[in-house]
Amino acid sequence: MSEYKILLEFSRPEYVKEISVSREQEQGPLKVWLQVAKQNSEECMVLSGFDELGQAISSLLEAERAVISSEVKSEKEFGTIRIECWLDERHIEYTCDKAE
């Protein structure tokens, strides 16, 4: 079983305050910049290499709880970042390649 290290976690009343998508080159990978409003602070993260970008963004914006974690001691090159979202008692999971 895989082991994960939590990179970012939030739950209501914390929420995704801002999200934007960019691409540095015409055929380059899409990057998602995420800003989460916490109690008295904000945390930012850049994610890239999504399989289901549109669905992941929608889920992050609506999530009652979300956890972004990195697979520890993985020999995989891609898909080592796990994005878990809970919404209306449903658990949805996505993966991407990189988190900064």
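In what order do the four strands of the open sheet stand, and is their pairing parallel or antiparallel? In this predicted model, for which local features require pLDDT of at least 70, side-chain atom pairs count only at pLDDT 80 or more, and totals for chains, interfaces and linings use all residues, the order is β1-β5-β6-β7 and the pairing is antiparallel. Residues are numbered from 1 along each chain as its sequence is written, and side-chain values use heavy atoms, with hydrogens and water left out. Strands are DSSP runs of E with at least two residues, numbered from the N terminus, and two strands are taken to pair if DSSP finds at least two bridges between them.

The edges of this sheet are formed by β1 (3–11) and β7 (90–96), each of which pairs on one side only. From one strand to the next the twist averages 20°, where axes are lines fitted to C-alpha atoms and angles run from 0 to 180 degrees between N-to-C directions. Strand β1 is joined to β5 (residues 65–72) by eight bridges, the two strands running antiparallel, and within this pairing Ser-70 of β5 is the bridge partner of Lys-5.

The structure holds seven salt bridges, a salt bridge being a side-chain nitrogen of Lys or Arg within 4 Å of a carboxyl oxygen of Asp or Glu. One of them is formed by the side chains of Arg-65 and Glu-9, with an N to O distance of 2.8 Å; because Arg-65 lies in strand β5 and Glu-9 in strand β1, the pair ties together parts that are 56 residues apart in sequence. On the accessibility scale used here (buried under 20% relative accessible area, exposed over 50%, partly exposed in between, with a 1.4 Å probe and protein chains only), Arg-65 is partly exposed at 32%, and Glu-9 is likewise partly exposed at 30%.

A further salt bridge joins the side chains of Lys-17 and Glu-42 at 2.5 Å, N to O, and it links distant parts of the chain, with Lys-17 in strand β2 (residues 15–23) and Glu-42 in strand β4 (residues 42–48), 25 residues apart. Lys-17 counts as partly exposed at 45% relative accessibility, as does Glu-42 with a relative accessible area of 38%. The side chains of Lys-31 and Glu-24 also meet in a salt bridge, at 3.1 Å from N to O; here Lys-31 is partly exposed, at 23%, whereas Glu-24 is exposed, at 67%.

Most residues other than glycine have a negative phi, and most peptide bonds are trans. The peptide bond from Arg-12 to Pro-13, however, is cis, with omega near 15°, and Pro-13 is placed in the loop between β1 and β2. The hairpin of β6 and β7 has two residues between the strands, and in it Asp-88 takes a positive phi near 50°, although Asp-88 is not a glycine. Glu-89, which is found in the loop between β6 and β7, has a positive phi of about 65° and is not a glycine either. Asp-88 counts as exposed at 55% relative accessibility, and Glu-89 counts as exposed at 83%.
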